[in-house]
Amino acid sequence: MLPADTPVLLALLIVSIATSGIVALRYFASSGLFAWLTRHVRPGLYDGQRAQIAREIRWSLIATLIYGAPAGIVLWGWNHWGWTQIYADFGAYPLWYLPLSVLIYLFVQDTWFYWTHRAMHAPKLFRILHKVHHNSRPPTAWTAMSFHWSESLIGAVLIPAAVFFIPIHLSMLAAVVTIATIMGVTNHMGWEIFPRILVHSALGRWVITASHHEKHHEEFRCNFGLYFRFWDRLCGTDRGLSARLARSAAQGNVPA
Ligand SMILES: [Zn+2]
Ligand SMILES: [Zn+2]
C-alpha cells in the first residue's frame, strides 16, 4: 500500500506501472503455457517462427503498458473515490445477475471489437493501426497481444469505460478478463483446442474459437468477431472455419 500522503499523480503513475506489470505477467504466463502445450501437442508447429515470435513479444510488451494504465487508474479510482459500478458485495444485486453481467460484458466487448476491427481493415487504417497484428503469418500463441500501440489504445479503453456504466461484481470482472485472456491466446495458437463436438455443434455456429479466427488471419476480409459470430453472421462477413485447422485437427499433427 502507498502512504496516504502520496501525491495523486504519483500514485496513479505507480498504480499504472504495477497494473501493466501484472498484465505483462499474465501475457507471459498464458502465452507461455499455451506455447509450451503446443510444443507437446503439435511439435514443430512454430518451427522457423523465432523472429516473428520475438517481434510479437516486443509489440505485446508495449501493449501491456497501454492496457495496464487505464485499468490501474480506474481500479485506483474505484478503491479510493468510489468510481465505477464495480461492486464487491454479493448481495448488492440478485445472484442471477452474476452470469448475466459476464455475458453482457462479453457482448459489449465483442461488439466494440467487431466494428473497430472491421474499420481497421479499411486500407488506410489497416496500414497504420492493424498491419502489425497481421504480420504474424500464421499467428502463434504469442500473437494474442501483438498490436501496434495505436490499436492497443482502441482495445484498452473499452472495459475501463464499461465499468462506469454496467454494474459487475469484482469476481465476474476477473472472469471476463480470464475469458478474454484464454480466448485471445487459444484463438491464435494455430490449432483447435476445443473438441469437434463443440466447434461443429449448434453452439459452435455462434461462438468463436481458433478455427474461426485463423480464417480471419488467412483471408483478412472476413470473420472479424472476438467471441461470438453474431455480428459476422448478421453482416454477412462470416466465412466459416479454417480448412487448414480442420485438416490439422483431423490428422492430430502438424498441418501440411
Ligand atoms: Zn488475430
Ligand atoms: Zn484483422
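Thr84 is buried, with 21 other C-beta atoms within 10 Å; a residue gets that label if 20 or more other C-beta atoms lie within 10 Å of its own, counts as exposed at 12 or fewer and as partly exposed in between, with C-beta atoms placed from the backbone. Its phi is near 75 degrees, a positive value in a residue other than glycine. Thr84 sits in the loop between α2 and β1 (86-87), where helices (H or I, at least four residues) and strands (E, at least two) are DSSP runs numbered from the N terminus. This is a predicted model, so local features need pLDDT of at least 70 and side-chain atom pairs count only at pLDDT 80 or more, while totals for chains, interfaces and linings use all residues. Residues are numbered from 1 along each chain as its sequence is written, and chains are lettered from A and ligands numbered from 1 in the order in which they are written.

Asn223 also turns up with a positive phi, near 50 degrees, and is not a glycine. Asn223 belongs to the loop between α9 (210-219) and α10 (230-235), and counts as buried with 24 C-beta neighbours inside 10 Å. Another loop, the one between α4 (123-134) and α5 (149-156), holds Pro138. The peptide bond leading from Arg137 into Pro138 is cis, with omega near -5 degrees.

On to the helices. Helix α1 (residues 8-41) runs for 34 residues and spans 49 Å from first C-alpha to last, close to the 50 Å expected at 1.5 Å a residue; the expected span is 1.5 Å times one less than the number of residues. Buried positions in α1 are Val15, Thr19, Ser20, Val23, Tyr27, Ser31 and Phe34. These buried residues pack against α2 (50-81) and α7, with contact meaning C-beta atoms, placed from the backbone, within 7 Å.

Helix α7 (residues 170-186) also meets helix α3 (residues 97-120): their axes come within 9 Å and cross at roughly 40 degrees. The two are therefore oblique to each other, a class left over once angles under 35 degrees (roughly parallel), over 145 (roughly antiparallel) and 65 to 115 (roughly perpendicular) are taken out. On the α3 side, the contact is made by Leu98, Ser101, Val102, Tyr105 and Leu106, and on the α7 side by Met172, Ala175, Val176 and Ile179. Sorted by type, the contact residues come out as eight nonpolar, one polar and no charged.

Note on methods: Axes are lines fitted to C-alpha atoms, for helices over the stretch in contact, and angles run from 0 to 180 degrees between N-to-C directions. Two residues are in contact if their C-beta atoms, placed from the backbone, lie within 7 Å. Ala, Val, Leu, Ile, Met, Phe, Trp, Tyr, Cys and Pro count as nonpolar, Asp, Glu, Lys and Arg as charged, and the others, Gly among them, as polar.
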